[in-house]
Amino acid sequence: MTPYTLFNLPSQLPTVESDSIISRTIYNDEQLKAVLFTFAAGQELSEHTASMPAIIHILEGEGTLTLGKDTVEAHEGTWARMEANLPHSVNARTALVMLLLMLKK
């Protein structure tokens, strides 16, 4: 077994379809789950919580993140770490690509 995992993220991206949000789990083990999301412009992942800490990394596009009571503008390179159970949402102003890292341990 190889002691590392290597991805070419652009090759893993789901196709953005109009009026949709597509997600693809690209990695999952006992410590980490990595999910790539593509959002069509105008799509929103409504407010929710996660039972574990997580990291949002915006890879492409522009949108708005709501993190608890704060609303921040997000664009390529935006990175946010969230504690478990923090209410959060994502609203895509343009087509948006996001990597979500869920930290299990």
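How many bridges join strand β2 to β9, and do the two run parallel or antiparallel? Strand β2, residues 32-39, is joined to β9 by 8 bridges, and the two strands run antiparallel. Strands count as paired if DSSP finds at least two bridges between them.

## Basis of the model

This is a predicted model, in which local features need pLDDT of at least 70 and side-chain atom pairs count only at pLDDT 80 or more, while totals for chains, interfaces and linings use all residues. Residues are numbered from 1 along each chain as its sequence is written, and side-chain values use heavy atoms, with hydrogens and water left out.

## Overall form

The protein contains 1 helix and 9 strands. Read from the N terminus, the order is α-β-β-β-β-β-β-β-β-β. These elements are DSSP runs numbered from the N terminus: helices are H or I with at least four residues, and strands are E with at least two.

The C-alpha trace spans about 40 × 30 × 20 Å along its principal axes.

## Surface, contacts and charge

Of the 105 residues, 34% are buried. Buried means under 20% relative accessible area, exposed means over 50%, and partly exposed lies in between (1.4 Å probe, protein chains only). The accessible surface comes to about 6,400 Å², and 50% of it belongs to carbon and sulfur atoms. Accessible areas come from the Shrake-Rupley method with a 1.4 Å probe; for residues, only the protein chains shown count as cover.

Among contacts with a separation of 6 or more, 61% are between residues 24 or more positions apart. A contact means heavy atoms within 4.5 Å. The protein has 7 positive and 12 negative side chains, with the centres of the two sets 9 Å apart. Lys and Arg count as positive and Asp and Glu as negative, without His and the chain ends; each charge is placed at NZ of Lys, CZ of Arg, CG of Asp or CD of Glu.

Strand β9 covers residues 96-103 and is mostly covered, with 6 of its 8 residues buried.

## The loop between α1 and β1

Aspartate 19 lies in the loop between α1 (9-12) and β1 (21-28). Its phi is positive, about 55°, although it is not a glycine. Aspartate 19 is exposed, at 63% relative accessible area.

Serine 20 is found in the loop between α1 and β1, but is buried at 16% relative accessibility. Leaving aside residues up to four places away in sequence, serine 20 touches Thr38, Phe39, Ala40 and Gln43.

## Two further loops

Threonine 49 sits in the loop between β3 (44-48) and β4 and is partly exposed, with a relative accessible area of 45%. Its C-alpha atom is 7.4 Å from that of alanine 84, which is 35 residues apart from it along the chain. Beyond residues up to four places away in sequence, threonine 49 touches Asn85, Leu86, Pro87 and His88.

Asparagine 85 belongs to the loop between β7 (79-82) and β8 (88-92). This residue other than glycine has a positive phi near 70°, and asparagine 85 counts as exposed at 53% relative accessibility.
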